[in-house]
Amino acid sequence: MTRAELTASGLQADASRQAPSSRAEAPPGATLAAVRGAALDVRALPSFAFGARSMMWWATLGLMLIEGTVFALTLATYFYLRSHVQVWPPQEPPPDLAVGTGLTLLLLVSVWPAMRAKAAAERLDTGGVRLWLTISTAFSILVLVVRAFEFGHLNCRWDSDAYGSVVWMLMGMHTFHLLTDAYDTLVLNVLFFTGPLEGRRYGDVGENAMYWYFVVFSWLPIYAVVYWAPRLG
Amino acid sequence: MTLRDAAAPVDVNDVPPSPDQVRSLVRTWSDPPGWLGWISALNHKTIGKRFLCTAFGFFILGGLLAAAMRLQLARPRNHLVGPDLYDQLFTMHGTTMMFLFAVPVMQAVSIYLVPLMVGSRTIAFPRMNAFAYWIYLFGGAMLYVAFALDIGPDAGWFAYVPLSGPDYSPGKRVDFWAQMITFTELSGLLEAIILIVTVFKLRAPGMTLNRVPLFTWSMLVTAFMVIFAMPSVMLASTALITDRLVGTHFYNPAEGGDALLWQHLFWFFGHPEVYMIFIPGLGFVSTIVPTFSRRPIHGYPAMVIALIATAFLAFGLWVHHMFATNVPELGKGFFTAVSMMIAIPTAVQIWCWIATLWTGRLNFRTPLLFVLAFFFILLMGGMTGLMLAAVPLDLQVHDTYFVVAHLHYVLFGGAVFPLFGAVYYWFPKYTGRLMSEKLGRWNFWLMFIGFNVAFFPMHLLGLAGMPRRVYTYPDMQGWGRLNAISTAGALLLVVSVALFLVNVWRSRRHGEVAGNNPWGGATLEWATTSPPPAHNFDAIPVVYSRDPLWDGAPREGQPSHVGGLAVGQREVLVTTLLDAEPDHRPVMPNPSPWPFLGAIATTILFIGSIFTPWAVVWGMVPVAITLTAWFWPRKRDAAAHLALEQQP
């Protein structure tokens, strides 16, 4: 490794590091590691970080990849089963549009308080986090209540035929995600009122919001399939 | 923002660390004593060893089941075991080897080694790591308890419907199988995330992505495969269990379901799974070959690209398990082509290994012997794989012993031989002592000969028409002699594994003392003591090369190690994804019994749901309680973290 490479990779203390370097994307922390004799001293680095810099962000992303794969495969199963019958749905009317569409709109609106909570966390604004997390929690509970009614408007049972089975599987899995993330938000919300708090909890708020986005946006293809595939096909 | 009240002085490590600092590090990173400490243990080396021992325990159990089957098949019209027990034997053997041994054992090795190889004090998310271990242990134990109570699964390790459905498999046998899937896949998926984050974020500074050791690369690729493949089998088995328990109709043709749906979902996981087993094996080979050739690997970038290419292709060939079904013929042609394409990245890797060996100065120790056997056996399995990828030939030998021979050549040759080589290679790192070379050679030759004697005749038996999964066969078929030979080979394998266990048992106390780096390896795990201290490295090394122990010495003015990490808290250095630049320094969690209790609660939910669907509802309550208690920060910990806090 040449000296120049070392400098660029942040392993070498260099006055030029303070000036804007060729590596504009270098994270702020990289400039804070200083060479002292044989040591690369990291004392001055921050102790937590937001977004893709943090470990928790990557773990959340991994979880989203897994859950996204499950949703995608279940949707594939839906169309696979549909390809085997002449009439779809085989014997029942499609799900009623009103409740499902209302829930979809509600979910889309609920992204707003999640974004505000994330933004407040990145400012380390405890009051803002408390406010917007509380609103997010309220939204998630409201969403769950509407979801409970939605099951009554699917117009099919899980044990009536394969169509009913796959619709209930899609709805059940998505509801499970709503439930776990609602509980997650609630716990984090309580923690922000009771403490003990530390820097990384603000990162957790960001990751919690990111997971809520996933729960909302993964609903859109499920909504389209459950409510519109029986009508358009 | 009043996170931090006062800047209390914090003890951080110097380079080199003082003896006081090292003592403090050991205290900080050790698992607590006592039985509570035992269930609270988080150190990745502790969990990695438990994981490895458990996986080998299942390997031995699965092997004994296989030996029982071989004894039954040794001669025609044998009545050692009856058909019902035989069905359970082959199902338990396949299930154990695939779900409880082959995938978990690779993850177990990497839990121990990857943090050392990337120069980290710990694995990412140590509590989740402990949780994943307990889930795996409880799931495997559940399956064996069921087997002991004569409710072991009996529908084959891939549990095809309609045989495994509610009509043809009443009772609870298949439900235990389906929930075993839930346990092991949950554990496997969590481990995949843990491993990816460890490799992405916890590498020592300077270990850019193109300096990551090849074994670590192979586990990274495997982890991504796990993420995209395991959801498929979880969905398949969940749909199976709801078909069986609450009357859904996913696989019931009478109500619009479809039996082939199972095969698609299962093999969309099942074929990549073969590569999840095989790719870590490639990682072992790519580690052992350079060390015993005493030169860096030839063609590192080609090796990495070949691993990634293999992983991609692995998702495009699941239908070659379904050539005997009514999928469209044109589609089969596509899957034949992709199956053949796998040979390309494999050939690239074999080329690089041969080039490395050819130009190296070979050191013929036991690990290298296992690797050389891998070449031979894998090549044989690969050849029959190419044959099976052709639709007409596959139709002829489908469900015969030819397939049994092929899959054992691929899996035993591709994974178990490299794994045994890996155990001989890294045993000194785990225990501080070398395994006996003499017993190792006996172990190796008995295994090599025993394996070929056991499995080669199965090719011929398959071509002669002997079907899989029959508990016996009549005299007139003339299969008796080859079956007797095969059984003799299986017994040699049993002896060889027994010798291996003796070797492990004796060497851990009486083996030759190894020192830090007995083989002259190039990767960072050899930079620390054997066995490593609780904190892995007294100071985190700074990396300047792909082979840091061979040509990675820092030059004048370059730092050799990381300084300034707290010694009284579990502080680690997080680096950036591509270039491993120092980024921030979070504190890892302290030992806690909650992951263990959370695993117990989850186990109650999973097993309860075999008997009543309502268990999913009431079982959630203890799960939520334990997981919340796990997450909830302790005042003392938070205060200690605040003392180290520095805002971004």
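**View 1. How many other C-beta atoms lie within 10 Å of B:Arg294, and is B:Arg294 buried or partly exposed?** The count is 15, so B:Arg294 is partly exposed (buried means 20 or more other C-beta atoms within 10 Å of the residue's own, exposed means 12 or fewer, and partly exposed is in between, with C-beta atoms placed from the backbone). This is a predicted model, in which local features need pLDDT of at least 70 and side-chain atom pairs count only at pLDDT 80 or more, while totals for chains, interfaces and linings use all residues. Residues are numbered from 1 along each chain as its sequence is written, and chains are lettered from A and ligands numbered from 1 in the order in which they are written. B:Arg294 belongs to the loop between H8 and helix H9 (300-314) of chain B (helices are DSSP runs of H or I with at least four residues, strands are runs of E with at least two, and both are numbered from the N terminus). Its phi is positive, near 55°, although B:Arg294 is a residue other than glycine.

**View 2. A:Leu124 is another non-glycine residue with a positive phi.** Here the angle is about 55°. Look for A:Leu124 in the loop between H3 and H4 of chain A. A:Leu124 counts as partly exposed because it has 14 C-beta neighbours inside 10 Å.

**View 3. Two cis peptide bonds, one joining A:Trp88 to A:Pro89 and one running from B:Val15 to B:Pro16.** Most residues other than glycine have a negative phi, and most peptide bonds are trans. In chain A, omega is about -5° for the bond between A:Trp88 and A:Pro89. A:Pro89 sits in the loop between helix H2 (55-82) and H3 of chain A. In chain B, omega is near -10° for the bond from B:Val15 to B:Pro16. B:Pro16 falls in the segment before helix H1 (19-29) of chain B.

**View 4. Helix H4 of chain A, residues 126-151.** The 26 residues of this helix should span 38 Å at 1.5 Å a residue, and the end C-alpha atoms are 37 Å apart, which agrees (the expected span is 1.5 Å times one less than the number of residues). Its buried residues include A:Trp132, A:Leu133, A:Phe139 and A:Glu150. Among the elements that cover the buried residues of H4(A) are helix H3 (97-122), helix H5 (162-194) and helix H6 (199-232) of chain A. Of its 233 residues, 43% count as buried.

**View 5. A sheet that draws on both chains, in the order S1(A)-S2(A)-S1(B).** The three strands form an open sheet with mixed pairing (strands pair if DSSP finds at least two bridges between them). Its edge strands are strand S1 (34-36) of chain A and S1 of chain B, each pairing on one side only. Strand S2 (residues 39-41) of chain A runs parallel to S1(B), with three bridges between them. Across this pairing, A:Ala39 stands opposite B:His561, and A:Asp41 stands opposite B:Gly563.

**View 6. The side of chain B that touches chain A.** The contact takes 67 residues from chain B and 59 from chain A (residues are in contact if their C-beta atoms, placed from the backbone, lie within 7 Å). Elements giving two or more residues to the chain B side include helix H6 (173-201), helix H7 (214-245), helix H8 (259-293) and strand S1 (561-563) of chain B. H7(B) gives the most, with seven residues. The chain B side divides into 38 nonpolar, 19 polar and ten charged residues (Ala, Val, Leu, Ile, Met, Phe, Trp, Tyr, Cys and Pro are nonpolar; Asp, Glu, Lys and Arg are charged; the others, Gly among them, are polar). The model scores ipTM 0.94 and pTM 0.94.

**View 7. B:Leu411 in helix H14 (residues 401-431) of chain B.** With 19 C-beta neighbours inside 10 Å, B:Leu411 counts as partly exposed. Leaving aside residues up to four places away in sequence, B:Leu411 touches B:Ala102, B:Ile277 and B:Val416. Its C-alpha atom is separated by 8.5 Å from that of B:Gly381, 30 residues apart along the chain.

View 8. Chain B averages a pLDDT of 95, and 99% of its residues score at least 70.

Conventions: Two residues are in contact if their C-beta atoms, placed from the backbone, lie within 7 Å. pLDDT is the predictor's confidence in each residue, from 0 to 100.
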